[in-house]
Amino acid sequence: MRDDGGARPGPTAQPVPARPGPTAQPVPARPGPTAQPVAAPPGQPPPTSTIEAATATARQLVTALVARGVRDVVLAPGSRSAPLAYAVRAAETAGWLRLHVRIDERVAGFVGLGLSRAGALEAGGAPGRPVAVVTTSGTAVANLHPAVLEAAHAGLPLVVISADRPHEMRGTGANQTTDQVGIFGAAVRYAVDLPAGAPGGPLLDQIVTRALAAAQGLRSNDPGPVHLNVALRDPLAPAAVWRPGPPPAARRVVAPPAPPAPELLPAGPRTVVVAGDGAGPAARELAEAAAWPLLAEPTSGARAGANAIGPYRLLLAEPALGGAVERVVVVGHPTLSRPVSTLLGRPDVEVVVVAPGGTWPDVAGTAARVVAAVAPPAQPTAGSAAWLRRWQTAGAAAQDALDQEIARPGRPLDGLLLARHVARAAAHAGGPGVLMAGSSNTVRDLDLVAAPWDPARQPAAVANRGLAGIDGTIATATGLALGLGRPVRAVMGDLTFLHDAGALLRGTLEDEVDLQVVVLNDGGGGIFATLEHGAPERVEQFERIFGTPQQADLAALAVAYGARHTSVDDAGQLRTVLAEPVRGRSVVEVPVSRADLRARRAALADAVREAVSDALRGSV
């Protein structure tokens with residue numbers, strides 16, 4: 001939210017030269033309104049010649065967005081964006097769309113991201129629904145950059161609409177005026193600078209058509225964020241209220257791309273399927289059809305069924321398992337595991353990347369083929385069946401060793417035990433069924449200890465893994481709850497929580513959500529203790545520059561934002577809390593210690609390694 005007050009200098013400066021790219025050219029300024037507003041035809045904005053230019057632009061823009069599929073708009077209010085706010089509010093009143101108001105632009109961007117992700121979940125992994133986020137000018141636009149970057153790397157159609165000063169006011173020192181043209185750089189799939197008073201009609205409709213087609217990847221098969229920078233000239237408040245009629249007729253100008261023809265994978269090489277973030281159920285179906293082991297991250301949408309190997313990352317160092325892999329089929333965006341990265345970087349392994357469009361994951365540059373889709377061999381071979389059994393035997397032994405160690409009497413509550421209970425509760429009948437994981441230790445703990453789910457009860461597990469930042473985790477979960485209309489459980493560390501605590505705030509006129517935020521509070525950055533920075537020889541520097549200890553009162557913070565707070569001290573309390581229905585906004589704090597975290601994880605890995613070695617010897 002921004003206050004756009006302040007003196008506005010007259011149009012004495014020359015317009016800033018237009019940037020290259022798909023930018024509409026400035027047109028001469030129109031005079032102020034000289035006629036009285038007239039009533040709009042049903043479902044259409046009034047003729048532009050009879051109302052304020054900024055109001056006419058805003059109303060036609062909202063009409064065009066709704067006609068092209070936008071059903072949710074997130075607004076962070078400001079004065080320069082007032083014409084857009086009035087138009088969106090009128091459209092909501094008419095039943096055209098849902099409006100969500102947030103005072104913090106960074107929160108607003110991630111709420112929009114969560115709403116878009118909700119569409120992807122409902123569609124079974126297809127690109128999410130287009131969601132518009134409206135801000136005023138100045139730093140308001142810059143605060144959307146983290147959400148825009150995440151949308152760019154996650155392939156989500158976020159439509160940013162930023163209000164701007166007219167061209168004659170740019171570069172003059174006018175209040176809250178900066179260079180907003182191209183502010184998101186290469187992150188957006190399409191960007192346009194619409195001058196104040198520019199002609200509407202077919203020109204504006206075409207701009208919106210191109211923007212929404214780019215956002216949804218209808219021509220490129222590479223969905224992502226787009227940016228419409230809309231200059232608006234005073235007066236900014238409409239003289240009359242817009243009362244839209246029925247929603248505008250749907251416009252489907254650009255046809256979606258046809259499904260790609262799958263490439264047949266020959267039988268023979270010892271193959272594993274690596275399912276990264278967003279891979280979807282197709283990865284599981286491929287592995288099961290070909291009798292291949294499935295190494296699926298918890299947010300892949302594929303971590304289910306008999307072929308899924310839960311603690312796979314602890315098995316990749318075994319010569320008879322990871323060392324014997326000859327081919328890897330990569331689906332989705334794998335980012336969690338260094339052992340997987342090592343596997344994909346091996347020169348003796350054939351890497352087949354399945355990417356329907358846009359860029360593809362190939363960090364080590366070892367991809368032998370990049371294809372849009374694959375088909376399994378017509379018939380699994382006897383060798384494939386034996387290969388799968390070897391992985392299943394080792395996976396079961398590793399899972400048993402993990403469960404025994406985690407459930408050992410007297411073991412203190414920690415991240416692994418939390419992850420185990422959360423994974424089980426997410427799939428339990430009556431549970432929320434939607435799980436949002438923070439991008440730090442939380443999602444890695446789930447990856448390590450969450451047993452593969454039953455396909456019939458597999459929860460929708462998501463995380464912001466496009467750039468794997470901790471930004472906007474609570475806000476994204478809020479958008480998920482708003483978009484799905486279902487309870488959501490979000491699990492994260494204390495630093496991730498504190499980074500986005502403001503997203504707990506709900507305006508008194510905004511919809512309530514059923515959102516439970518489970519916070520593993522270890523008083524700092526525990527993940528770094530498991531990396532090279534936590535090595536014993538670096539202990540003197542670690543705590544200040546990586547551990548970042550904190551003693552924030554999470555209970556007071558939650559209550560201040562209107563959320564209930566519960567503190568959990570043992571596994572029994574944790575199970576009880578997770579079994580209760582998720583209603584309204586609540587914070588469940590799980591205080592733990594990160595002392596000796598590195599040593600405890602190393603001992604756990606040793607126990608698993610021994611159990612796997614015994615199991616493999618017994619299966620020979």
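Tutor: The following account begins with the chain as a whole and then turns to the salt bridges and to the loops around them.

Please keep in mind that this is a predicted model. The chain contains 17 helices and 19 strands. Its C-alpha atoms fill a box of roughly 90 × 55 × 45 Å along the principal axes. A compact globule of 620 residues would have a radius of gyration near 25 Å, and the value of 26 Å for this chain agrees with that. Of the 620 residues, 53% are buried.

Charge is the next step towards your request. The chain carries 55 positive and 54 negative side chains, and the centres of these two sets lie 5 Å apart. Across the whole structure, a search finds 23 salt bridges.

Consider the salt bridge between glutamate 168 and arginine 233, whose side chains meet at 2.9 Å, N to O. This pair links distant parts of the chain, for its two members are 65 residues apart. Glutamate 168 belongs to the loop between strand 4 and strand 5, whereas arginine 233 belongs to the loop between strand 6 and strand 7. Glutamate 168 has a relative accessibility of 16% and therefore counts as buried, since the cut-off for that term is under 20%. Arginine 233, at 21%, is partly exposed.

Glutamine 176 is not a glycine, although its phi is positive, at about 55 degrees. With a relative accessible area of 22%, glutamine 176 is partly exposed. The loop between strand 6 (226–231) and strand 7 (263–264) contains proline 235. The peptide bond that leads from aspartate 234 to proline 235 is cis, with omega near 5 degrees.

A positive phi occurs at alanine 291 as well, near 60 degrees, again in a residue other than glycine. Alanine 291 is placed in the loop between helix 7 (281–290) and strand 9 (294–296). Its relative accessible area is 12%, so alanine 291 is buried.

Let us return to the charged pairs. Arginine 346 and aspartate 348 meet through their side chains in a salt bridge of 3.1 Å, N to O. Arginine 346 is buried, with a relative accessible area of 18%.

In another salt bridge, glutamate 512 is joined to arginine 585, and the closest N and O atoms are 2.8 Å apart. Glutamate 512 sits in the loop between helix 13 (494–499) and strand 17 (515–521), while arginine 585 is in strand 19 (residues 585–591), so the pair ties together parts that are 73 residues apart in sequence. Glutamate 512 is partly exposed, at 38% relative accessible area, whereas arginine 585 is buried, at 9%.

Terms used. Residues are numbered from 1 along each chain as its sequence is written. This is a predicted model: local features need pLDDT of at least 70, side-chain atom pairs count only at pLDDT 80 or more; totals for chains, interfaces and linings use all residues. Side-chain values use heavy atoms; hydrogens and water are left out. Helices (H or I, at least four residues) and strands (E, at least two) are DSSP runs, numbered from the N terminus. The radius of gyration is taken over C-alpha atoms; the globule rule is 2.2 Å times the number of residues to the power 0.38. Buried means under 20% relative accessible area, exposed over 50%, partly exposed in between (1.4 Å probe, protein chains only). Lys and Arg count as positive and Asp and Glu as negative; His and the chain ends are not counted. The place of a charge is taken as NZ of Lys, CZ of Arg, CG of Asp or CD of Glu. A salt bridge is a side-chain nitrogen of Lys or Arg within 4 Å of a carboxyl oxygen of Asp or Glu.
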